[in-house]
Amino acid sequence: MNSRLPLLVIVCLLTITSFHCKGDVAGPEGSPSDVVFPASNVKFGVHVLPLFRQACNQSGCHDSGSHQSALSLTAFGDWDHLPGTVVPSDPENSQLVWRIEGRAGGNRMPLNTNPLNQNQINGIKKWIEEGALNN
């Protein structure tokens with residue numbers, strides 16, 4: 001038996017598991033998420049929610065447990081109690097867009113990590129423009 005085989009197997013397993021650790025997600029352009037949005041037909045369950053889970057929930061800021069914000073981003077409609085957060089068909093008047101672009105007069109979101117990349121920001125805007133549907 002090849003004496004290097006056990007070492008090779010260990011290296012492969014460590015490499016594979018490192019890509020699945022929630023805290024180790026790194027997307028394009030340093031984004032805290034690896035979610036890539038299409039140019040149109042953005043789906044909440046396929047694109048938006050996975051982005052929220054990777055970039056917004058893991059920090060403990062917008063999860064369903066204890067967090068610093070009144071806004072939870074763990075399920076569709078979590079923002080309904082905060083008018084203006086998501087304004088269907090109107091991304092430019094949606095506070096979610098203001099926050100991720102850093103133009104809300106407060107902190108750019110996600111806080112204390114790299115910003116979303118332009119594809120992700122455009123994807124959120126497109127989802128809102130397309131009606132902010134639970135699809």
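**Figure 1. Surroundings of valine 48 in the predicted model.** In this predicted model, the residues in contact with valine 48, apart from its neighbours within four places in sequence, are Phe37, Val42, Lys43, Ile124 and Trp127. Two of these partners, Ile124 and Trp127, are listed together with Val48 among the residues with the most contacts inside the largest nonpolar core.

**Figure 2. The largest nonpolar core.** This core comprises 23 residues. Those with the most contacts inside it are Val48, Phe52, Trp79, Ile124 and Trp127. Two or more core residues are supplied by each of α2 (44–57), α3 (95–101) and α4 (118–129). Helix α2 provides the largest share, with seven residues.

**Figure 3. Threonine 85 in the loop between α2 and α3.** Threonine 85 belongs to the loop that links α2 and α3. Its relative accessibility is 8%, and threonine 85 therefore counts as buried, the cut-off for that class being under 20%. The side chain of threonine 85 reaches the backbone oxygen of leucine 82 at a distance of 2.7 Å. Beyond the neighbours within four places in sequence, threonine 85 is in contact with Leu71, Trp79, Ser94, Gln95 and Leu96. Of these partners, Trp79 is also one of the residues with the most contacts inside the largest nonpolar core.

**Figure 4. Serine 89, a residue with positive phi.** Serine 89 is located in the loop between α2 and α3, the loop in which threonine 85 is also found. The phi angle of serine 89 is near 70 degrees, a positive value in a residue other than glycine. Most residues other than glycine have a negative phi. Serine 89 counts as exposed because its relative accessibility is 51%, and the exposed class requires a value over 50%.

**Figure 5. Alanine 132, in the segment after α4.** Alanine 132 lies in the segment that follows α4. Its phi is near 50 degrees, again a positive value in a residue other than glycine. With a relative accessibility of 8%, alanine 132 counts as buried, whereas serine 89 counts as exposed.

**Figure 6. The cis peptide bond between methionine 109 and proline 110.** Methionine 109 and proline 110 are joined by a cis peptide bond, for which omega is about -5 degrees. Most peptide bonds are trans. Proline 110 is situated in the loop between α3 and α4.

Notes
Residues are numbered from 1 along each chain as its sequence is written. This is a predicted model: local features need pLDDT of at least 70, side-chain atom pairs count only at pLDDT 80 or more; totals for chains, interfaces and linings use all residues. Side-chain values use heavy atoms; hydrogens and water are left out. A nonpolar core is a set of buried Ala, Val, Leu, Ile, Met, Phe, Trp, Tyr and Cys residues joined through side-chain atoms within 4.5 Å. Buried means under 20% relative accessible area, exposed over 50%, partly exposed in between (1.4 Å probe, protein chains only). Helices (H or I, at least four residues) and strands (E, at least two) are DSSP runs, numbered from the N terminus. Contact means heavy atoms within 4.5 Å. A polar contact is a pair of N or O atoms within 3.5 Å; within protein, one must be able to donate a hydrogen and the other to accept it, and residues adjacent in sequence count only if both atoms are side-chain atoms.
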